[in-house]
Amino acid sequence: MSTVKVENHRPKFHFSPPADWMNDPNGLVYFKEEYHLFYQYSPNGTDVGGMHWGHAVSRDLMTWEHLPIALAPDEKGMIFSGSAVVDWNDTTGFFGGKPGLVAIFTYHDHSGLTQKQSQSIAYSKDCGRTWIKYEGNPVITSDQYVDFRDPKVFWHEETKRWVMVLACGQTVCLYHSPNLKEWTLGSEFGEGIGSHDGVWECPDLFALPVDGDRTNLKWVLLVSIGAEPAFPEGSRTQYFTGHFDGRAFVPDEASQTVRWLDYGRDNYAGVSWSDIPEEDGRRIYIGWMSNWKYANKTPTEGWRGAMTIPRELTLESRNGEAVLIQRPVLELERIRTPLLVAEGEAVNELNLLLKYQQLETYEIVAEFVLAQGIDSLGFKLRTSEQEETVAGYSVKDSAVFVDRSRSGVVDFHEHFAGIHQAILPPDLQCLQLRLLVDRSSVEVFANDGLAVITDLIFPSPSSLGLSLFCNGKNELPYKVKIYQL
Ligand code: FRU
């Protein structure tokens, strides 16, 4: 007889580990028609512990096959975050002239009085199924930095060498190498610019066309910053735009202001896939959907941690500035089941239709005309008598927001409940909202990915109500589509 274990809050369409603890995505690489997702994994329970690289693969970014642990700790330390690349030309000599996968990761050794972090590599000759650690490890050490981790590596075609961006205290160091084994420090970036509210972690660096124009490339540098008690936001991710010549990153004017990737609390340590085929051309990103502020306390049993929906990143001009835009990858559309299409002006009429829906995991694509007299509007998600998560827009603040104060279980950390908002351009005439709701998360993409809020929620499984609200007026020109996911 088989028993089905009901796991409250286990995501339906987001990646989560089969059991135990997970944090950052690692080693994101596409090779032979598989997206690899490695991740910081502790197989010893649901608390952060001895870090391994867990492993899963997907062909469509939506459904994942769990594979055995890829990298386990050894006498050099735990396996902290890092990246993976396809060594197409066998620059390492590991693959007898053929292409193969190389992982670049941080060893974290805390056997001594102070922690030691160093960079190492491992390779796989069987599409990531088994890994051999390089005998010459570590390949980069430091006497200067205690926090010295999270190598993200890519091939820089113009200079025909590998580039590594590495978090070093509160800056990033840029190294280069002909063969992934011998590395030279090229430059350091970050002093006096950006947010220094916490230690810098998990950087990523890549070029994107501005407005799809491949003759006009700009470089994007992502830098996650760790949680510090002084800041209620906890851990979060900033981005810079600028120029990169293979050695140094030079920020542009717009980067003098701190820019956040996400205005919710639960998108951290996100990085992008390496080696997406040129004919695809996308820059695909995924983040860890939690926050170091309370990651150890989230109310799940048997497993802990999930990833955001994979997102495509683009650079688009808004008000004369190239800004980072995020949209769920197109593959999401393949897991949709259409539920409702409505267009109208009377809020209560739509609510009559929604009243009889019992919705757990779904997507809403909505458009509203912000007519005079409207104060705020939006959706109440996963509702019951006691619970609701509000995702909406406040006209007075020109801000899209998520209010998770009454979203379900919130009392596991004093900073969990609350309202998170992202400012949109003032005097908006039309608002677009795209919401992804899973068993323990809501992701809000406002105005076609211009502002994003990613928040965990822990509603009761029976909180399945959904409604539209509009304060100030009952008339709100709307177009709404709902899909089950
Ligand atoms: C970011 C991070 C990384 C580190 C890893 C350890 O969340 O702190 O800097 O490599 O997690 O699990």
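Which residue has a polar side-chain atom 2.8 Å from an oxygen atom of the ligand? Select Trp-292: that is the residue.

Before moving on, note that this is a predicted model, in which local features need pLDDT of at least 70, side-chain atom pairs count only at pLDDT 80 or more, and totals for chains, interfaces and linings use all residues. Residues are numbered from 1 along each chain as its sequence is written, and side-chain values use heavy atoms, with hydrogens and water left out.

**Stop 1: the ligand**

Now pick Asp-24. An N or O atom of its side chain sits 2.7 Å from a ligand oxygen. Go on to Arg-149, where a side-chain N or O atom is 2.7 Å from an oxygen of the ligand.

**Stop 2: two backbone details**

Select Asn-137 and Pro-138. A cis peptide bond joins them, with omega about -5°. Pro-138 belongs to the loop between β8 (132-133) and β9 (148-156). Strands here are DSSP runs (E, at least two residues), numbered from the N terminus.

Next, pick Lys-160. Its phi is positive, about 50°, although Lys-160 is not a glycine. Lys-160 is in the loop between β9 and β10 (161-168).

**Stop 3: the domains**

Colour 20-330 as domain 1 and 336-484 as domain 2. These bounds come from an automatic or database domain assignment. The C-alpha centres of the two domains are 31 Å apart.

**Stop 4: the interface**

Select the residues in contact (heavy atoms within 4.5 Å). Domain 1 supplies 26 of them and domain 2 supplies 24. About 2,200 Å² is buried between the domains, with carbon and sulfur atoms giving 62%. Buried area is the accessible area (1.4 Å probe) that two parts lose on being put together, summed over both.

The rule finds 3 salt bridges across this interface. A salt bridge is a side-chain nitrogen of Lys or Arg within 4 Å of a carboxyl oxygen of Asp or Glu. Zoom in on Glu-443 and Arg-311: they form a salt bridge, their closest N and O atoms 2.7 Å apart.

Finish with the side of domain 1 that touches domain 2. Here β20 (311-318) and β21 (321-328) each supply at least two residues. The largest share, 6 residues, comes from β21.

Terms used. Helix = DSSP H or I, 4+ residues; strand = E, 2+ residues; numbered from the N terminus. Polar contact = N/O pair within 3.5 Å; in protein donor to acceptor, adjacent residues only side chain to side chain.
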